[in-house]
Amino acid sequence: MAGQKAKPQKEAGSTKEDGGFSRIFGDVANRTSQAAGRASAFMLAAGVVLVWAITGPLFQYSDTWQLVINTGTTIVTFLMVFLIQNSQNRDSAAIQVKLDELIRVSTAHNSFVGIEHLTDDELEEIRTRCELRAEAEKVGEQSVKRMGKKAREAAERAVG
């Protein structure tokens, strides 16, 4: 909101967890998400499904045969959710730090640093104000262009 400041950001290097487990989990999540995003991982998963489908008649499409693929995909999906969320959190935090630094060293409003900690309503209010300012600037630029054109025409008439 107008007079409300964003929550201060955490000091560099401070974490909620000790570096040990958090670092290991981050490394595993990063490597796994990179590996899972490769074409070879997709081909491996498609191959597993294909082998499962081909073995259907062998197992007479039994409940156990169906349970194998359902259980396997559920477990993989469950674990991948956490790995993907971890990767997205780290990427988002890194981008936010970079944006904050760009704001800090530029002519942009330093009051925007840390606004990611505000509520959805507060962010929407700021977004609306920024959009209104941008629209006002656009109208002002168009007005300046019109005045400049009129000034050039008047100068040409006065000279010519």
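The axes of helix 1 (residues 19–36) and helix 3 (residues 63–105) come within 9 Å. They cross at roughly 105 degrees. Helix 1 is therefore roughly perpendicular to helix 3. Angles of 65 to 115 degrees carry that label; those under 35 count as roughly parallel, those over 145 as roughly antiparallel, and the rest as oblique. Axes are lines fitted to C-alpha atoms, for helices over the stretch in contact, and angles run from 0 to 180 degrees between N-to-C directions. Helices (H or I, at least four residues) are DSSP runs numbered from the N terminus, as are strands (E, at least two).

The model is predicted: local features need pLDDT of at least 70, side-chain atom pairs count only at pLDDT 80 or more, and totals for chains, interfaces and linings use all residues. Residues are numbered from 1 along each chain as its sequence is written, and side-chain values use heavy atoms, with hydrogens and water left out.

On the helix 1 side, the contact (heavy atoms within 4.5 Å) involves Phe25, Gly26, Ala29, Asn30, Thr32, Ser33 and Ala36. These meet Met80, Phe82, Leu83, Asn86, Ser87 and Arg90 in helix 3. The contact residues divide into six nonpolar, six polar and one charged. Here Ala, Val, Leu, Ile, Met, Phe, Trp, Tyr, Cys and Pro count as nonpolar, Asp, Glu, Lys and Arg as charged, and the others, Gly among them, as polar.

Side chains of opposite charge can pair when their charged atoms come close. Three salt bridges are counted, each requiring a side-chain nitrogen of Lys or Arg within 4 Å of a carboxyl oxygen of Asp or Glu.

In helix 3, glutamate 101 pairs with arginine 104 in a salt bridge. Their closest N and O atoms lie 2.5 Å apart. The two are three residues apart, so about one helical turn separates them. Glutamate 101 is partly exposed at 37% relative accessibility, and arginine 104 is partly exposed at 49%. Partly exposed lies between buried (under 20% relative accessible area) and exposed (over 50%), with a 1.4 Å probe and protein chains only.

Helix 4 (residues 120–159) holds arginine 127 and glutamate 124, three residues and about one helical turn apart. Their salt bridge has its closest N and O atoms at 2.6 Å. Arginine 127 is partly exposed at 45%; glutamate 124 is partly exposed at 40%.

Lysine 138 and glutamate 135 also lie in helix 4, three residues apart, hence about one helical turn. They form a salt bridge with closest N and O atoms 3.8 Å apart. Lysine 138 is partly exposed, at 41% relative accessibility. Glutamate 135 is partly exposed, with 41% relative accessible area.
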